[in-house]
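I opened this notebook to keep track of what I look up in the structure. The entries follow the order in which I went through it.

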Amino acid sequence: MRTPLSWLAEYTDLAPGARGADVAASLVSVGLEEEDLHGGDITGPLVVGRVLELEEQVQKNGKPIRYCVVDVGQNGQMLTEGKHQEIVCGATNFEVGDLVVVVLPGAVLPGGFEISARKTYGRMSNGMICAEDEIGLGHDHEGIIVLSRLLGEERAASLSPGDDAIALLGLADETVETNVTPDRGYCFSLRGLAREYWHAQGSPEGGFRDPAAVVAPDANGDGYTVELKDDSPIDGNEGCDRYVARIVRGIDPTRQTPSWMARRLTQAGMRPISLAVDVTNYVMLAVGQPLHAFDVDRLSGSVVVRRARVGEKLTTLDDVERALNVDDLLITDGGEQPLAIAGVMGGASSEVSDTTTDVLIEAAHFDPTTVARSSRRHRLVTEASKRFERGVDPKVTAAAAQLAVDLLVEHGGGTVDPGVTDVDRTTDRVAYRLDVTEPSRIVGVDYARERVVGILRDLGCSVDEQGAGTDDRHILVTPPSWRPDLVDAPDYAEEVARIDGYNNIPSITPTPTEGRGLTHAQRARRVVADALAGFGLTEVLSYPFVAEGLADQLMLPVDDDRRQAVRLANPLSEERPLLRTSILASLVDTLRRNVARGQKDVAIYELGLVFRPGGPLGTAPIPSVATRPDADTLERLYAAVPAQPRRAGILATGQTEPAGWWGPGRAADWSDMVAAVQTVASALAVPVVVANDPGHAPWHPGRCARITLLDGTLVGHAGELHPKVVAALELPARTVAAEVDVDVLIAASAEPVQAQAFSTFPPALTDVALLVASDVAAADVESALRSGAGEALESVSLFDVYEGEHVEAGRKSLAYRLTFRATDRTLTTEEVNGFRDAAVASAASATGAVQR
Amino acid sequence: MSGPNTNYDPVEVSALDPANVDSAVQEALAAIAAAASLDDLKAVRIAHQGEKSPLALANREIGALPPSAKAEAGKRVGQARGRVGQALSARQTELEAERDERILVEERVDVTVPALRRLTGARHPIELVAQRLVDAFVGMGWEVAEGPELESEWLNFDALNLGPDHPARQMQDTFFLDPVDSGLVLRTQTSPVQIRTMLEQEPPIYIVAPGKVFRTDDLDATHTPVFHQIECLAIDKGLTMAHLRGALDAFVRIMFGEDTRTRVRANYFPFTEPSMETDFLCFACHGEETWGSAEPCRTCGGSGWIELGGSGMVNRKVLRTCGIDPDVYSGFAFGLGIERALQLRHGVQGMHEIVEGDIRFSQQFGMGA
Ligand SMILES: [Zn+2]
C-alpha cells in the first residue's frame, strides 16, 4: 500500500517536519513493515514552459525529431544569453502554444539522472521537455506532458512560463509504501494507515480525522433492486452480507478526473482511467472499500448476487473469457447475465465507457473465503480481491458509496438518485470477556488495568467495565468493525503490546530443566560427515530435482527400486520433475559443474535425504484442526509420507594424491571409494564386509564393491562407474563413486562399543604366499585364513598380489602376513607354525589355495 | 711371556723407564689431538691403546718385575694409560658432537616446498552454521528435532493455522506432489517438525529444528528453491514474550557476538499470536545509520539494523490442534534462514556459491569455521 504524505496529512497530524523516512519509521514501530519510499527525489529547476516555435525533421531512422524554442520565463538561457530556451524533443504530441514541463540543466531527476545541456540530433538541447515517467509522476511515456490535458484547461490557464513545476505537480511529496499483512486488511486504506500513524504518535486527542465519517442516507424503498441469493454459502458464511447501490445520473462524460485526484492515484500506484473509475479507486484507497461502477444503461433493472451455474462464462475487464465455477459468487443482471465475479473483477459488458452518463455505484461486503477462492481459482489478484480476502469493514459500506456519489456529483456534474439501496444482513460483533491481566501474562510486561482499557479504546474497541460478567479482572470488549482479527485474548495482548511498544518487552533467557544433548543418530551423522571430510572429500549440497531420463543414463534395471521416484506436480523445470532416489543422481551435476569450471581433481560428498516411495503415493488425510486428531488418523498421516532414508553419496575424479616434487600423483580409483566407505564405518566402529558385486548399476561390473554389515545388511556400494554411465552423463573417464546408507550405519552403531582385552605378550609374525584361481576374491581367502588360524590370530594383512610370468596362467599369488599373539604367554615357533598351517589348510579347502 | 726373573734389574727394562712412559703418553696425546675424524681417532686408539701400543707392551713387562718394583711401575703405567684413555674419550665425545652437528647440517631440507600430498576435505558452511546454532542451544538444554522433507500438507499448513483459504498460504509458493490430491508437499518451512513434536511429546518442550525447506523460487541473488531454516520451539508453563525475546537475544549473541542488541516490533504469522519481528544491531557498522550517505553500510544497507526473522507466541489454535491445553501451557517459536545467517556472518554476497557445489566455496571453511 502506497501512502502519499500529503494525503495522509489530511487524516492525521504528521509530526512537525516529518519526512517519508520518519513516517515509515513510525509505521514500523506499530508493526507495519516498510517496503519502499518513493518521490521527493527530484531537484529543480523544473518549470512550466510554453512552446513558442517547433521545427520537425524526420531522421534517417524514420523518427521525427522536433527542435523547439520554449519560453521558460526568467530562467536558463534567458538569464545567460537573453533568449528563449532551445530544446530538442523526440515526442510529437504537442503544438505551438502548449504549456509543458521543462527540466533545465542542473536539475536532477528521479534515479539520480543529472540534466545538462548537450548536443543531440545535431543541435544543442538545453534541457528536456518531460514525460510523466521521467519525473516520477506516473508510468506514461507515450508522449510529453501537456499541462492543459493533465490539469484541465481552466487550471492551465492560470499558469505562466517559469512557474515551479515541482510544487505544481506535487513532486516534492513523498510516498511511503508499506507491506500489509493478512490480519490488517484495514491498512489497505489511508483511513487505516492514518489511524496507525496516529497510534504511533501516542493517539493524541483529535489527531485522527476519519474520512469515512460522512452521513449516508438510510435505505429507502426507491433504490435499485438488489437481491442477495446465495444458496450455497461456504462454511455457513453468506457470500455477500451487505450490498449498497447508489445511482448518479447525468454525468458529463467529457469531464476529466481532477488533477489532484489523478496525482494521488498515480502516487498510490494506480493509473487514472476515467472519472467514474477513478472515483471508485480513490474512495477505495481512502477508506478501504472496493467499489464497482456499472453503466446503468447496460443493466436491465435489478442486481442479483448468486453463485455461478455450471457452464457459465464471463469475459472480465482484462478481456479474458473465464469459465466460472459453481463456488464463484457473481453479481448478475436480473439473476441471469453475469456482470462481475464478486469482489474480484467486473465484466466487460457492463463496464462504464466514455459515453456513460448514468452510473450505479456498488459498495458491497463479500465473504473473504469466497473471494480468496475465486481469486486463486482464476489467478486474478486485484486491488479489490486483496482487500476482501483480508476482510473489509462491513460498516464502511454506505459511507464509501456516499463518498463516491459526492465526488461524482462534484466533478462529473451529475445528480444523485434519491433512491438508496442498502441490503444489510451483517451482524454486530459480540463482546469478548477479557481478563485484563491476560496481556501481562502473555507479554511479560506488567500493564495496569487503565493502560489496557485506554489502548483498547484508542484502537476503536468499545470497552464495558460495568456490564454483566465484568469484575475486578474482567471487562467486556467489542472490537471495531474493521478489526475482524481481534477474537481472542492473545489478539488483544498483541494490540496492547504493540501500542505500548514492543521494545518495552524485557529479555529473559528461558531455562529448560534438562536436555539429553544430541541423540546418537545426530551425533553419528556428524561423525560420518567429518570422517568423509577428513578423508579428503569436500562436502557440497545439490538440489534433489532430477530428470526422467536419468534412470536410463544410470542404467538402472527396469524393476530397480530407484526407478520409483516421486513426481512434482509443479516442478521449477519440466526437465527435472522427479525427486532423487539416490544422492548420486543429483551429485553428478555438481561434479560436472566443478569439472566444467576447470577443476581437475574433484572429490565430493553429500549427506542428505533421498525419496523412496516404494510404489504409488498414498493419500494423506486432512483432519480437522479443532482438536488433536485421533491416533488412527495420525498413524495414517505419518504413514502416507514416503520413506526418506538418509544417504551419503561420494564422487571423485582426477587425482586423490596429486603429482608434485615427490613424483607422480595417483588417480582416484575404485579403491578410494571402498576406503571411503570403510573409513566411515570404522569412524562409527562398525565392522563391515566387502564383496565383489558384478551387477549393480551404475557401477562397473568388474569394479564394484558391495559393502555389508556382518549380518549381511546392505551398507552401500563403492567402486568405479560403468563406462557407459560415464559416457551418458558426460563425466570424466574413470569417475568413481560410492553411496552409503547412513541410517544403517547409525543403527549398527547404536549400542556402546564393548572393549576387548588385548595381550601384552610379544607378537609372532609369519608370512604365507598362496596361489589361487584369478577369480577368487581376496576377501574370501582372508576370511578362510581367519577362520582356520585359531584364537591367537591377531591380524591378517595382504601385502602382495601378483599375477604374471612367475605364476601359471589363470592363477594369482596372494601374500599374507599373519600376526599371532596369545593372551597368556609368548608363543613358540612350533605353535605359530601349527596355527599358520591350520590357516592355510582352511584357505585350501575353502578357496583351493595352494601354498607356494 | 717369560716367568719372573729374580735377577731382574728394573733399570734395564727400558719400556718401563719413566721417560719412555712419559714420551709414549706425549706421543699418544699428540696423536689424539691431531685426530680430525672419528676414523682417525679409531686408528689412534689402536696405535696407542691397542694390544700393540707402547703402553700396553710396557704394562706387560710389569708382570716380570720383582714384587718390590711392581707397585711403582704399575702405578706409573696405569696413570699413563689412564691419561691416554681419558684423552681418547674426550676427543671421541668432541668428534661425535662435531659429526652430529655436521649430519644435521647435511640433512637440511627446504621445508617450504609443498608438503600436503593428498587432497584435503571440507564441510559445507551451511552445515557448519547450523551445527554452531544447534550446539549453542543444546548447550542451554534444548534438544534437536527433525522431520521429513517431503511432508503432509496438513502438517505443513493446516495444523499451523494456515487453512486452505488463508492468504498467507498463497504466499508460500509450494511444491506440490503428483497427484496433487495426495496431500503431500515438499515442506515450505521447518515448522511441521514442531507440530510433529507437539503431537508426540508432552511439555515441557524445548526444541531446535534445523533443516532443508523448499519454495518454488528460481535461483537468483537472494532466492533459491532449496534452502535451510532453523526454528526453535518452547512450550512450558508460564512462558511469555519476554522469554521469547531472551531466546532471540541468545540466538543473536551466539551468531554475531556478545555486543549485539535486538529491537522488536509487531508482525503477523498465522502460527503465532502475538507475533513479533526482530531486528538486530548491525555487527558491521554497529548501528551507525549510513542511510543516504555516499557509502551506506553494505551489510545492513544503511539502516543500522538487520532483520532476523519472524517469531511469536504459539497460536492457541495450534496448541489445541496438537492436544496441548492452552490454558495450562504457553510457548513461543522463532526461526531464521541459515543461508542468510551464513551470508551475514561470513560475508557471502550471493546465493549461487552456496548452492552450486563449487568445491572452492566449501574449502574456504575447512572443518568448522
Ligand atoms: Zn551496517
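**Entry 1: strands across the chains**

I began with strand β30 (residues 567-568) of chain A and strand β3 (residues 177-178) of chain B, which run antiparallel and are joined by 2 bridges. I note here that the model is predicted.

**Entry 2: the interface**

How many residues of each chain are in contact with the other? I found 104 residues of chain B in contact with 105 residues of chain A. The area buried between chain B and chain A comes to about 8900 Å². Carbon and sulfur atoms give 57% of that area.

I then turned to the polar side of the interface. Between chain B and chain A I have a count of 9 salt bridges. I looked at Glu146(B) and Arg525(A), whose side chains meet in a salt bridge at 2.3 Å, N to O. For polar contact, the rule finds 49 residue pairs across the interface of chain B and chain A, with both residues at pLDDT 80 or more. On the side of chain B that touches chain A, helix α9 (residues 241-256) of chain B supplies the largest share, 8 residues. I wrote down the make-up of that side of chain B as 48 nonpolar, 24 polar and 32 charged residues.

**Entry 3: Thr12(A)**

I next looked up Thr12(A), which sits in the loop between α1 (5-11) and α2 (20-29) of chain A. Is Thr12(A) buried or exposed? Thr12(A) has a relative accessible area of 1%, which is under the 20% cut-off, so I list Thr12(A) as buried. A polar atom of the Thr12(A) side chain lies 2.8 Å from the backbone oxygen of Gly207(A). Setting aside neighbours within four places in sequence, I find Thr12(A) in contact with Ala194(A), Tyr197(A), Trp198(A), Gly207(A) and Arg209(A).

**Entry 4: salt bridges**

Over all chains, I have 80 salt bridges for the structure.

Arg184(A) lies in the loop between β12 (175-179) and α7 (190-200) of chain A, and Glu494(A) lies in helix α15 (residues 489-500) of chain A, so the pair ties together parts 310 residues apart in sequence. I checked burial and found both Arg184(A) and Glu494(A) buried. I also found Arg184(A) and Glu494(A) in a network of salt bridges that links them with Glu196(A), Arg483(A), Asp485(A), Glu495(A) and Arg498(A).

The next entry is Arg647(A) with Asp741(A), whose side chains meet in a salt bridge at 3.6 Å, N to O. This pair links distant parts of the chain, 94 residues apart, with Arg647(A) in strand β33 (residues 646-653) and Asp741(A) in strand β39 (residues 736-741) of chain A. I have Arg647(A) as buried, and Asp741(A) as well.

The last entry is Arg703(A) with Glu720(A), a side-chain salt bridge at 2.8 Å, N to O. Arg703(A) is in strand β37 (residues 699-709) of chain A and Glu720(A) in strand β38 (residues 714-721) of chain A, so the pair ties together parts 17 residues apart in sequence. Arg703(A) is partly exposed, with a relative accessible area of 35%, whereas Glu720(A) is buried, at 3%.

How values were computed: Residues are numbered from 1 along each chain as its sequence is written. Chains are lettered from A and ligands numbered from 1 in the order in which they are written. This is a predicted model: local features need pLDDT of at least 70, side-chain atom pairs count only at pLDDT 80 or more; totals for chains, interfaces and linings use all residues. Side-chain values use heavy atoms; hydrogens and water are left out. Contact means heavy atoms within 4.5 Å. Buried area is the accessible area (1.4 Å probe) that two parts lose on being put together, summed over both. A salt bridge is a side-chain nitrogen of Lys or Arg within 4 Å of a carboxyl oxygen of Asp or Glu. A polar contact is a pair of N or O atoms within 3.5 Å; within protein, one must be able to donate a hydrogen and the other to accept it, and residues adjacent in sequence count only if both atoms are side-chain atoms. Helices (H or I, at least four residues) and strands (E, at least two) are DSSP runs, numbered from the N terminus. Ala, Val, Leu, Ile, Met, Phe, Trp, Tyr, Cys and Pro count as nonpolar, Asp, Glu, Lys and Arg as charged, and the others, Gly among them, as polar. Two strands pair if DSSP finds at least two bridges between them. Buried means under 20% relative accessible area, exposed over 50%, partly exposed in between (1.4 Å probe, protein chains only).
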